[in-house]
Structure formats: C-alpha cells, structure tokens
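Here's a quick tour for anyone meeting this structure for a first time. Take a look at the model, then read on.

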Amino acid sequence: TTLHRRYRFRVPIHEQAIVAIKNLDDFCAAEMESSSDAETYSDVIQLLRLWAESVSCQPQSWHGLVEWPVTVSDRYIQLLDGGDEFAAVIFCYWCAVMNRAPKRYYLVGVMKKLEVATTTGLNGQWEALLQWPRKELQEV
C-alpha cells in the first residue's frame with residue numbers, strides 16, 4: 001500500500017534541474033578542488049542530486065521537504081552560517097528545487113526570499129552559477 005501510494009504521486013524527474021545540479025558538481029570539481037572544504041561541497045552536492053532525484057524535483061511530502069537539510073553535514077551548516085559564498089550558492093539550488101513543491105501557504109514565496117537573503121552581498125563571480133536557481137525561483 002505504501003509503495004502504491006508513493007508511486008501514485010510520482011512525477012517525471014525535471015531533467016533540467018538534474019543537469020543544473022550536475023553542472024554545479026562539475027564546477028565544484030574543477031574550481032573548488034583546492035579549497036579545504038572541497039570534500040564537504042562535493043558531498044553536499046551529491047546529497048542534493050540524490051534528494052532531487054528521489055523527490056522527482058518536486059517534493060510532495062514532509063519527508064521530501066526536509067530530507068536534504070537534515071542529511072547535510074554539520075560542517076556544511078557551519079560554512080553556510082559563516083557566510084561561505086559557495087555554500088550559499090548550493091543552498092540556492094535547494095531553494096530552486098523546493099520551489100517546485102506544490103504551492104501551500106507555508107511555502108509560497110518563501111524560497112525566493114531565502115535566495116535573496118542568502119545571495120545579498122555575494123561576489124559577482126557567482127552570477128553564472130546563480131542563473132538557473134534564480135530563473136526557477138521566478139516561477140511562482
């Protein structure tokens with residue numbers, strides 16, 4: 001019964017979102033490899049991709065809504081809290097996928113506000129990476 005219910009609400013994976021996350025991972029591998037936190041970045045991006053695939057890029061349940069944030073490492077949370085710019089970019093990708101969730105009162109507009117709060121003051125070098133999540137977040 002549980003599997004039937006799970007698959008009944010399954011929607012096709014949004015390929016563009018998966019490609020965007022893979023591009024983020026490629027950027028990380030190429031540009032962030034010298035960072036002392038390269039492994040943390042890579043791990044959290046892999047978790048993001050696996051989560052996005054598991055929810056078909058459209059979280060439907062509470063589990064889907066909270067699965068990625070509760071699985072990221074404490075080190076990633078520290079980086080995000082400390083203002084690490086690449087950690088903030090990764091977070092924006094999560095916001096973009098979350099924005100594809102069904103519109104419920106507690107989500108409407110929240111992801112866009114989170115993206116704006118997270119990216120305010122970021123160095124302009126991240127603009128190219130932020131194009132996809134910002135485009136997704138315009139769709140409300």
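## Salt bridges and helix packing

Arg100 is partly exposed, at 24% relative accessible area (partly exposed sits between buried, under 20%, and exposed, over 50%, using a 1.4 Å probe and protein chains only). This is a predicted model, where local features need pLDDT of at least 70, side-chain atom pairs count only at pLDDT 80 or more, and totals for chains, interfaces and linings use all residues. Residues are numbered from 1 along each chain as its sequence is written, and side-chain values use heavy atoms, leaving out hydrogens and water.

Arg100 has a salt-bridge partner in Glu136 (a salt bridge puts a side-chain nitrogen of Lys or Arg within 4 Å of a carboxyl oxygen of Asp or Glu). Glu136 lies in helix H8 and Arg100 in the loop between H6 and H7, so the pair ties together parts 36 residues apart in sequence. Glu136 counts as buried, at 3% relative accessibility. The count comes to six salt bridges, including these:

| Pair | Closest N and O atoms |
|---|---|
| Glu136 and Arg100 | 3.6 Å |
| Arg49 and Glu53 | 3.2 Å |
| Glu127 and Arg134 | 2.7 Å |

Arg49 and Glu53 are four residues apart in helix H3, about one helical turn. Glu127 and Arg134 also belong to a salt-bridge network with Lys112 and Glu115.

Now for the helices (DSSP runs of H or I, at least four residues, numbered from the N terminus). H2 (residues 15-31) packs with H3 (residues 38-54) at about 170°, their axes 10 Å apart. That makes H2 roughly antiparallel to H3 (angles over 145 degrees count as roughly antiparallel; axes are lines fitted to C-alpha atoms over the stretch in contact, with angles from 0 to 180 degrees between N-to-C directions).

Conventions:
Helices (H or I, at least four residues) and strands (E, at least two) are DSSP runs, numbered from the N terminus. Angles under 35 degrees count as roughly parallel, over 145 as roughly antiparallel, 65 to 115 as roughly perpendicular and the rest as oblique.
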